[in-house]
Amino acid sequence: MLYKEPAPIKDKENPFESMMSRFNIAAEVLGLDEEVYNVLKSPTRQVIVNVPVTMDDGKVRVFEGYRVIHSTILGPSKGGVRYAPDVFLDEVKALAAWMTWKCAVVDIPYGGAKGGIICDPYSMSAGEIERLTRAYTSSLVDIFGPDRDIPAPDMGTGPREMAWLMDEYSKTKGSTEHAVVTGKPLVLGGSLGRVEATGRGVMVSAMAAMEKLGMDPSKSTAAVQGFGNVGAWAAKLMAERGVKILGVSDVSGAYWNDNGIDIEEAIEYKNAHNGRLEGFKGAELMDDPSELLTSKVDVLVPAAVEDVITIHNVDKIQARLIVEGANGPTSYKADNIINEKGIMVVPDILANSGGVTVSYFEWVQNRMGFKWTLERVNERAERIMNEAFERVYAASQKYNVPMRIAAYIVAIDKVAMTYKYRGGF
């Protein structure tokens, strides 16, 4: 099964400009000097490659691929590789920048990167995808490296593709290089806890925010939009801590139960029905799936696609707390209205950074040549996420700004200080 990170933002104007809008606000609050601003606003390196692949019919097809390194100020760059027909350079640039801010927010020694290939992996055979992955790796062998740039899975890729990438890179080096990539199968050096890591981070962020708001989890309700890997794990872990999950949704529709949905039952049903909730009897199918976002719940977790909270529906949102499991679920234009309504938002660059945190653990384990237990992975991931939340919350109080801008402030400040300590240019 293909591994899927939360979907990226695809702002209708431009995803990179959407990221920069929030970056600019945080930079102004910080009083960021011009030199550092100019260094951080643009990627360090943008690589475009043409990747020829022999298809199953014997014809050679050339695919366009990208690898954008936004920053290496904090350490080697880190970021996924996505296979999708609508991948484009500005999207990859935006995602690379978000990775820089995510790594800085959770205080791990990585810069940000992202990669992609314009293709439709769902219409390609396993052999074609393998040849594509190996050719892409070969074309970027001088970019990748355990101490330079570390790829990971993203939309359209998974542990299988990461195994091929690691193997192809290792062949060029003449030795097995486990640490060149994360998100690998467990037998090839993958980490326990990685599959549920992003959803666990969402749960930890939700619990920390609820404490600040004086909300008792055992007396609180939630709706989770998107019941894929991230949403399902977030719902399961939140339910284990007492939160009543009233609604969930996937591509088949939105499901609601006033008495609370049995999340374990929903996950079992989904896994037995090709990853879909269609036909699930543990809740009623809502007439309009979009109403899940505006339902009367205490906590809303958008964990599906981008731009689902917009100026068209933000006025109707009733939740006191939004925890962003997806990348970019809230449009830039909706930010001000959310703030005026007094809704706390735990932003994507904080809430869903549990994934890159455990990816970092995988890299550390590979370099140590020693595996951690699941308990150790989870304990350390939760500690890092809680500490990150406290830093962001403190910044929001200090500068009197929303949590989203506070997260950017924390991230930009860390990268800027590191840049100055390293001597700049």
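## Helix 12 and helix 13

In this predicted model, helix 12 (residues 374-399) packs on helix 13 at an angle of about 110 degrees, and the two axes lie 8 Å apart. Helices (H or I, at least four residues) and strands (E, at least two) are DSSP runs, numbered from the N terminus. Axes are lines fitted to C-alpha atoms, for helices over the stretch in contact, and angles run from 0 to 180 degrees between N-to-C directions. Helix 12 and helix 13 are therefore roughly perpendicular to each other; angles under 35 degrees count as roughly parallel, over 145 as roughly antiparallel, 65 to 115 as roughly perpendicular and the rest as oblique.

Helix 12 contributes F389, R391, V392, Y393, A395, S396 and Y399 to the contact, and helix 13 contributes M403, A406, A407, I409 and V410 (contact means heavy atoms within 4.5 Å). Sorted by class, these are ten nonpolar residues, one polar and one charged. Ala, Val, Leu, Ile, Met, Phe, Trp, Tyr, Cys and Pro count as nonpolar, Asp, Glu, Lys and Arg as charged, and the others, Gly among them, as polar.

## Basis and confidence

Residues are numbered from 1 along each chain as its sequence is written, and side-chain values use heavy atoms, with hydrogens and water left out. Because the model is predicted, local features need pLDDT of at least 70 and side-chain atom pairs count only at pLDDT 80 or more, while totals for chains, interfaces and linings use all residues.

The protein chain has an average pLDDT of 90, with 96% of the residues scoring at least 70 (pLDDT is the predictor's confidence in each residue, from 0 to 100). In the protein chain, helix 1 (residues 15-30) has the lowest confidence, a mean of 83, and strand 2 (residues 60-69) the highest, at 97. Residues 1-13 have a pLDDT below 50; in the model this stretch makes 54 contacts beyond near neighbours in sequence.

## Other partners of helix 13

Helix 3 also packs on helix 13, at an angle of about 85 degrees and with the axes 8 Å apart. This pair is therefore roughly perpendicular too. From helix 3 the contact takes W98, T100, W101, A104 and V105, and from helix 13 it takes A407, Y408, V410, A411, I412, K414 and V415. The classes here are ten nonpolar, one polar and one charged.

Helix 2 (residues 34-41) meets helix 13 (residues 403-421) at about 110 degrees, with 11 Å between the axes. Helix 2 and helix 13 are therefore roughly perpendicular. Their crossing is right-handed; a crossing is left-handed if the near helix is turned anticlockwise from the far one by less than a right angle, and right-handed if clockwise. E35, V36, V39 and L40 of helix 2 touch I412, V415, A416, Y419 and K420 of helix 13. That contact holds seven nonpolar residues, no polar ones and two charged ones.

Five strands form an open sheet in the order 1-2-4-3-5, with mixed pairing. Two strands pair if DSSP finds at least two bridges between them. Strand 1 (45-54) and strand 5 (149-153) are at the edges with a single partner strand each, so one side of each has no neighbour in the sheet. From one strand to the next, the twist averages 25 degrees.

Strand 1 and strand 2 run antiparallel and are joined by ten bridges, with N50 opposite E64 in strand 2. These two strands form a hairpin with five residues between them, and G58 in the turn has a positive phi of about 90 degrees. Strand 2 also runs antiparallel to strand 4, through five bridges; R67 faces G115 in strand 4. Strand 3 (residues 77-84) pairs with strand 5 in the parallel sense over five bridges, and G80 has A152 of strand 5 as its bridge partner. Helix 3 (residues 89-105) lies across strand 1, strand 2, strand 3 and strand 4 (111-118), and runs at about 150 degrees to strand 4.

Strand 7 (residues 244-250) and strand 8 (residues 253-256) run antiparallel and share four bridges. In this pair V248 stands opposite Y255 of strand 8.
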